[in-house]
Amino acid sequence: MDGFTTRAIRAATRAPRVDQRPTSVPIYQTATFSSADAEELGAVTTGATAGYVYGRLGNPTVDALAAAAAELHRAEAGFAAASGMAAIHLAVGSLVGAGDRIVATRYLYGTTRALFTAVLGRFGVETAFVDPADHAAVEAALAAAPTRVLYLETISNPTIAVADLPALGALGHRHGAAVIVDNTFASPALCRPLEHGADLVVESATKYLSGHSDVLAGVVVGSSALVEAVRALHVETGGTLAPLSAFLVLRGIPTLALRMERHAATAARLAAFLETTPGVARVLYPMLPSHPDHAVAARLLGSGGGMLAVELAGGAAAARAFVDALRIPERTASLGSIHTIVVHPPSTTHRQLSAAELAEAGIAPGLLRVSVGLEDAEDLLADVAQALEAAYAAGLEAAPAAG
Ligand SMILES: Cc1ncc(COP(=O)(O)O)c(C=O)c1O
């Protein structure tokens, strides 16, 4: 007769057999999977037979998310990782080694830039930053030395520059570079960069895919061969996504298109309102005709999405006073959520950048990044209007309405 603890372990860990298919993906909250015999265990561990053995090598809930991301992007394969940065690290790390070179957009998420310079730089990878709107400069950078990766963002963080993916992708390929695109700001509801020539697409699933600010996750999608290299690097570096986190992203995906419609409708109204408001120097929203990349956006994006940037004429002081006077938005540093989130990039998301790097990235001292949430548009517009008034009533000089 087994002892009490032996019986307790057996009794509490016997997974029930279920013959009917659940209508949502179960959370396989386990680190290990048992095989029927030693031969099966060996075959599953080496990958000779499909199956599961250990959570870092694979988990059904995490695999379901990877497959869903691939399907949304019409990719051959997908991989899900512990965060957007883990996904970016895996995508880039699977392609570059010491002595290799990356050409990257200069309009880049601050931590991605830091990954390229401060981390990959220490491992002998060099990165050249270019203006993605200046195709001659991109071509010159690609031609200057053999380049392994051309790295772009569909809609840039935080300046909302929209990359001409087909043209840039063709340039990258002509010079032998693999093209990686961060599609976080757009989401697959607005843009699927593989359809425009990208080789790998990365997204922080922390943002629009999950949509509720309650989970960190990242995905990579692309060809089976490239994603297999990503999976192999993950086995050896271990930024593994938790099954509960994968479930939460899967929980968000069915409403992605609906959420994006609402985000975009409110963002378009807010952008139009801000553009005619005194004290606002510049509004950057892809579907405003004044946006420098409006024609590219109209061609590549299904809508303008939920992200916009606004530059206050009163500079950093006005930006801070405005943020403090807002009643509805969350004062935090993420995006793509039910909540509207307003951030001052120089002091938050792009804090790693020097003053010169901020200027090169087009980030003015008074720039604010707005991730428009799902709140009622009237409430948000009224709140933004009162916060602008409050910011300028605090003694800051209002500038004429932007043209
Ligand atoms: C464009 C972009 N890519 C990647 C990331 C990184 O994602 P995560 O925070 O999930 O690591 C972020 C985070 O804000 C982002 O804005």
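Me: Hi! Which residues of α9 are buried?

Reply: Hello! This is a predicted model, and in it the buried residues of α9 are P243, S245, A246, F247, V249, L250 and G252.

Me: And how enclosed is α9?

Reply: Helix α9 covers residues 243-252, and seven of its 10 residues are buried, so the helix is largely enclosed by the rest of the structure.

Me: What do the buried residues of α9 pack against?

Reply: They pack against α3 and against α10, which spans 256-275.

Me: Nice. Let's zoom in on V249. What does it touch?

Reply: Leaving out residues up to four places away in sequence, V249 touches L65, A205, L209, S210, V215 and A217.

Me: Which residues touch the most other members in the largest nonpolar core?

Reply: V249 turns up again, together with L65 and L150; the core has 60 residues. Helix α3 (residues 60-72) gives this core its largest share, six residues.

Me: What about another core, how many residues has it?

Reply: Another core lies apart from that one and has 29 residues, including A267, L288, V384 and A391.

Me: Changing topic: what volume does the largest pocket have?

Reply: The largest pocket has a volume of about 700 Å³. It is lined by 15 residues, and the closest to its centre are T13, R14, A15, P16 and Y28.

Me: How many residues of that lining are nonpolar, polar and charged?

Reply: The lining of the largest pocket has eight nonpolar residues, five polar ones and two charged ones.

Methods
Residues numbered from 1 in each chain as written. Predicted model: local features only at pLDDT ≥ 70, side-chain atom pairs only at ≥ 80, totals over all residues. Heavy atoms only, no water. 1 Å grid on protein atoms, 1.4 Å probe; cavity = no way out; pocket = protein on both sides within 12 Å on 5 of 7 lines; lining within 4 Å. Points joined across faces, edges and corners; volume = space filled by probe spheres on them. Nonpolar A, V, L, I, M, F, W, Y, C, P; charged D, E, K, R; others polar. Core = buried A, V, L, I, M, F, W, Y, C linked by side-chain atoms within 4.5 Å. Buried < 20%, exposed > 50% of the residue type's maximum accessible area, 1.4 Å probe, protein only. Helix = DSSP H or I, 4+ residues; strand = E, 2+ residues; numbered from the N terminus. Contact = heavy atoms within 4.5 Å.
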